[in-house]
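Reader: I have a structure to go through for class. Can we take it piece by piece?

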Amino acid sequence: MTIVALPLALALLGPLFAGGPGPRAASFTLGADHWLGTDFVGRDVWRQVLRGGRPVVLTALAATALSYLVALPVGLLAALTRRRLLEELLMRPLDVLLAVPSLLLILLAATVLSPGPVGLALLVALVNVPDAARLVRAAAAEAAARPAVEALRMQGETWWRTAVGYVGRSMLRTLAADTGTRLTGVLYLVATAAFLGAGVAPDAADWAVMVDRNRIGLFVQPWAVVVPALLIIALTTGTNLLFDAALVDARPSDRGRGRGTTLLDATRTTNSPAGSEARP
């Protein structure tokens, strides 16, 4: 949380404190009123840092959410359907899309369509859907093979209750672990696409664009490159570590699991008719 707090705070709250554009100075200078120096066109680096995080974070969050919004119903339907043809129609096109390198597909689409931030989020979400859908399908298929799902079907439960109420809940930990990894990968794709000029203006206030445009002056005024690069690294690394730590903390210990199982079994036995007859 400490690692990810600073870049998140700068990304979400930075534009509120950035203020208006000030007078420009000479390129790649240090000192005066610019305590992080100036960038390649003489803008204040600190102000650009305050304004440059929000596009990266919001685009990555939107792309991750959109990819799961498509992958979850597709993966669940493919895992729970008993029609082989439907499963093939759902998964085989995604396998074809999965064979194309993600960054190459984004760059080709960006060259043809010239997308903005919204289009970049859609492209990144599109290239993440196949992998996310395959993971959802694998996790859902494991849960769908359990006797409890067959019992729900025999009881006449609706598909929605079976898919969401039982199968969906059974794979929550798997999805949580994948979300941390996928958000890190999405941040990488968004930052790399912005670094290569896809989906953003060449002079946009964006951390990745700052690294790209200011690298020519790295040895003259390094803060214009080092600060946004470190913030991107902290954001991706901290996000991954945060999800890992949350999963480890949520995992019950063996002793706690044993007590929980014993108490649960005892409660079921006490409340069941057989348990009532067995009690002295």
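Author: Not counting residues up to four places away in sequence, Pro-115 touches Ala-110, Leu-120, Leu-123 and Gly-199; contact means heavy atoms within 4.5 Å. This is a predicted model, where local features need pLDDT of at least 70, side-chain atom pairs count only at pLDDT 80 or more, and totals for chains, interfaces and linings use all residues. Residues are numbered from 1 along each chain as its sequence is written, and side-chain values use heavy atoms, with hydrogens and water left out.

Reader: How far apart are the C-alpha atoms of Pro-115 and Gly-199?

Author: They are separated by 4.9 Å, though the residues are 84 apart along the chain.

Reader: Is Pro-115 buried or exposed?

Author: Pro-115 is buried, because its relative accessible area is 16% and buried means under 20% (exposed is over 50%, partly exposed in between, with a 1.4 Å probe and protein chains only).

Reader: New topic. How many residues has the largest nonpolar core?

Author: It has 38 residues, and Val-49, Ile-106, Val-124 and Trp-207 have the most contacts inside it. A nonpolar core is a set of buried Ala, Val, Leu, Ile, Met, Phe, Trp, Tyr and Cys residues joined through side-chain atoms within 4.5 Å.

Reader: What does Val-124 touch?

Author: Leaving out residues up to four places away in sequence, Val-124 touches Ala-63, Ile-106, Val-186, Leu-189 and Val-190.
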